Amino acid sequence: MSILPYWEKEFWESLPKNGIVAEVGVESGIQAHERIVPFMNPKKLYLIDAWEKIEKSFWNSKKSKKATFKLFENKKNVFIIEDFSVKASEQFDDNFFDCVIFDGSTGYNNFYLDLLCWAPKIKKNGYMIFSNL
């Protein structure tokens, strides 16, 4: 078993290539642009964030949303969904994703809800990665 820090290049290099990937909690799209796309080269990439649906945000959600759309505006394999994690999970069939990366809400309750809602959406040998536990 290997335990690799989330921010290390070796971690990203170890993930499956050419799969169906989602990032939940996108903010401005930097992680998807600088890590997910170059290291994983996803066949399809779903970027999911609630952005402006969040009532009191500590970051500029409008600016972050705009930045994400700008980064991926010409990418035919990138699909952007503006919704909360649990609601967004309902849009996908079970066993759909090779990897789902969670970089949004923190805390036990949010982690538990994400686990319950998204685990069935992951393929048998797929990955669920949580960055904010």
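**The whole chain**

Colour the chain by secondary structure and read along the sequence: the pattern is α-β-α-β-α-β-α-β-α-β. There are five helices and five strands, where helices (H or I, at least four residues) and strands (E, at least two) are DSSP runs numbered from the N terminus. The model is predicted, so to speak of a local feature requires pLDDT of at least 70 and a side-chain atom pair counts only at pLDDT 80 or more, while totals for chains, interfaces and linings use all residues. Residues are numbered from 1 along each chain as its sequence is written, and side-chain values use heavy atoms, with hydrogens and water left out.

Of the 133 residues in the chain, 38% are buried; buried means under 20% relative accessible area, exposed over 50%, and partly exposed in between (1.4 Å probe, protein chains only). Among contacts (heavy atoms within 4.5 Å) with a separation of 6 or more, 71% are between residues 24 or more positions apart.

**The nonpolar cores**

Next, select Trp-12, Val-21, Ile-36, Met-40, Leu-45, Leu-47 and Ile-101, the residues with the most contacts inside the largest nonpolar core, which has 16 residues. Such a core is a set of buried Ala, Val, Leu, Ile, Met, Phe, Trp, Tyr and Cys residues joined through side-chain atoms within 4.5 Å. Helix 1 (9–13), helix 2 (30–40), strand 2 (44–49) and strand 4 (97–102) each give two or more residues to this core. Helix 2 gives the most, with three residues.

Centre the view on Leu-47. Leaving aside residues up to four places away in sequence, Leu-47 touches partners including Val-26, Ala-32, Phe-72 and Ile-80.

Now select Ile-20, Tyr-46, Val-100 and Ile-122, which belong to a second, separate core of 14 residues.

Turn to the surface and select Tyr-108, Tyr-112 and Leu-116, which form a nonpolar patch. Leu-116 is found in helix 5 (residues 108–118). Why does Leu-116 count as partly exposed? The reason is its relative accessibility of 49%.

Finally, select Ser-89 in helix 4 (residues 85–89). Is Ser-89 buried or exposed? Ser-89 counts as buried because its relative accessibility is 2%. A polar atom of the Ser-89 side chain lies 2.6 Å from the backbone oxygen of Val-86. Show Cys-117, Trp-118 and Lys-121 as well: Ser-89 touches these residues, not counting those up to four places away in sequence.

Terms used:
Patches are made of residues with over 30% relative accessible area and no salt bridge: like charges are joined within 9 Å, nonpolar side chains (Val, Leu, Ile, Met, Phe, Trp, Tyr) within 5 Å. Accessible areas come from the Shrake-Rupley method with a 1.4 Å probe; for residues, only the protein chains shown count as cover. A salt bridge is a side-chain nitrogen of Lys or Arg within 4 Å of a carboxyl oxygen of Asp or Glu. A polar contact is a pair of N or O atoms within 3.5 Å; within protein, one must be able to donate a hydrogen and the other to accept it, and residues adjacent in sequence count only if both atoms are side-chain atoms.
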